[in-house]
Amino acid sequence: MQADRLLCINGEFVSPRQGAFFETFNPGTGAVIGRVAQAGPQDVDAAVAAARAALPAWKALGGTGRGRVLRALADTLRAHRQELAELEALDGGKPIAETPEADVDSGADCLEYFAGQAASFQGEYQEVEGGFFYTRPEPLGVCAGIGAWNYPLQIACWKSAPALAAGNTMVFKPSELTPLSALRFAELAKQAGVPDGVINVIPGFGDVGQALSRHPDVDKISLTGGVDTGKKVMADAASTLKAVSLELGGKSPLIIFDDADLDDAVSGALLANFYTQGEICTNGTRVFVHESIRGAFLERLLERIRKLRIGDPMDPASDIGAMISENHMHHVLSYIEAGKAAGAQCLIGGKQATVEGCENGWYVEPTVFDGCTDDMQIVREEIFGPVMSVLSFSDETEVVARANDTPFGLAAGLFTRDIERAHRVAGDLEAGIVWINHYNLSPIEMPFGGVKQSGIGKENSRRAMEYYSRLKSVFVARGAVEAPY
Ligand code: NDP
């Protein structure tokens, strides 16, 4: 058992004022890792006050100065790459084969990218009739980040880096299921020279997120989570009209046309469904395959799935780790049962998996359903597990309409060799992100975010700075003031 992990408020690691702690688990074994401080209302107030107090000096540091600090934090993360990768696999059930790159490098890249952006965060100038104007991008103030459990360190970085680069300070609440890496991030931030109060991390439950969303002294809230939580956060934020960014769920389509490179398409479908054991918001879980290649596609797909190794997340040979919690495992399994009951044909998987030496872990076999129809629950709802639904189509117009027939709009993918069709379909798909001939690549330079009920706003890229700043227009008059009175 690790020592109790405390809240990070104003650069200090402190016990929660109400004295409450909760346990965090290793999904791979079901064992308790340790106890984590649970923030209460007074801790939320203290963290927000610390972030408010830290604002003037952080802002006064200027873009180059803030960028230097963010760069140092990126370097510190990289120096602790293996340790952070292990922590993420331990607390999140993700295979250690993924976490160094997908979690640590991705977080460090983000810090490094926004370190570079900080200094060139500039306004514009224009001559107009009667004078000229210029614009000043200004920080919003205290930003609160609320994280999901699937990419805890990456989410902490994706929210903190642009916020800090723009001159804001941050109060971050990780998911109660994966609090460890964000707390370690706060320790490393202090070590890297991030001033006290600029990054505060307060683990807790939904009530902490709610308190931040309603807090009169929080200027911006950025959530990564489910659609229902997004609606609650938006409603709570309305009481103070604070700015909101929402990165929510999805049920994204992946379309394989008849001229696709079949091996690449199979690779894309695997990445779109089984990376991080399917616990990825952008996953392309509705796989539309042209009817003329369905047989060949399924044959190659199943051949490769049979080689996947479900195993202890800490074992470098594991391809598929554990579901985040016992509850979530049962949630995923209940969808699998619903798919079978609805008449979909389970081609592979379809059960809880047992891993030798990890008998109490929460594993689900990679599962593929064929013969799915658009109205099935497994095709309409986000499962957030390793469950792929295969659907057939024959015509481009038909498949685009079916792909768009969802309240979600996070991502989409398509495989074809026809470049005209690729760009036409990319244009027609109602999604915030479209991958052509690949899936789930999210370089830091590319805007990331959904449309429809999958969210509001963009993370990553230069665009993210717009969501952590407000623009002031300053008009400067030339000549006398002519008033009609
Ligand atoms: P949840 O919506 O359950 O939780 C997200 C965060 O919100 C957690 O920290 C949670 O706290 C907190 N929370 C819960 N209730 C409230 C509330 N009323 N007010 C404020 N905060 C609250 O999502 P999950 O953690 O289960 O993550 C899975 C979901 O996240 C999926 O739908 C997935 O698609 C989505 N997601 C979206 C991504 C994107 O970028 N678009 C990326 C990753 C995931 P706690 O858990 O501690 O109780």
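## Asparagine 404

Buried here means under 20% relative accessible area, with exposed over 50% and partly exposed in between (1.4 Å probe, protein chains only). Asparagine 404 comes in at 13% relative accessibility, so this residue counts as buried. This is a predicted model, where local features need pLDDT of at least 70 and side-chain atom pairs count only at pLDDT 80 or more, while totals for chains, interfaces and linings use all residues. Residues are numbered from 1 along each chain as its sequence is written, and side-chain values use heavy atoms, leaving out hydrogens and water.

Asparagine 404 sits in helix H13, residues 396-404 (helices are DSSP runs of H or I with at least four residues, strands are E runs of at least two, numbered from the N terminus). Leaving aside residues up to four places away in sequence, asparagine 404 touches Asp428, Leu429, Glu430 and Lys452, with contact meaning heavy atoms within 4.5 Å.

## Around the ligand

Now for the ligand: 29 residues surround it, the closest being Gly147, Glu176, Thr229, Leu248 and Glu382. To make the list, a residue needs one heavy atom within 4 Å of the molecule. By class, the shell holds 12 nonpolar, 12 polar and 5 charged residues.

## Atom pairs and cover

A backbone N or O atom of leucine 248 is 2.7 Å from a ligand nitrogen atom. For ligand oxygen atoms, there's a side-chain N or O atom of tryptophan 149 at 2.8 Å and a backbone N or O atom of glycine 225 at 3.2 Å.

Conventions:
A polar contact is a pair of N or O atoms within 3.5 Å; within protein, one must be able to donate a hydrogen and the other to accept it, and residues adjacent in sequence count only if both atoms are side-chain atoms. Ala, Val, Leu, Ile, Met, Phe, Trp, Tyr, Cys and Pro count as nonpolar, Asp, Glu, Lys and Arg as charged, and the others, Gly among them, as polar.
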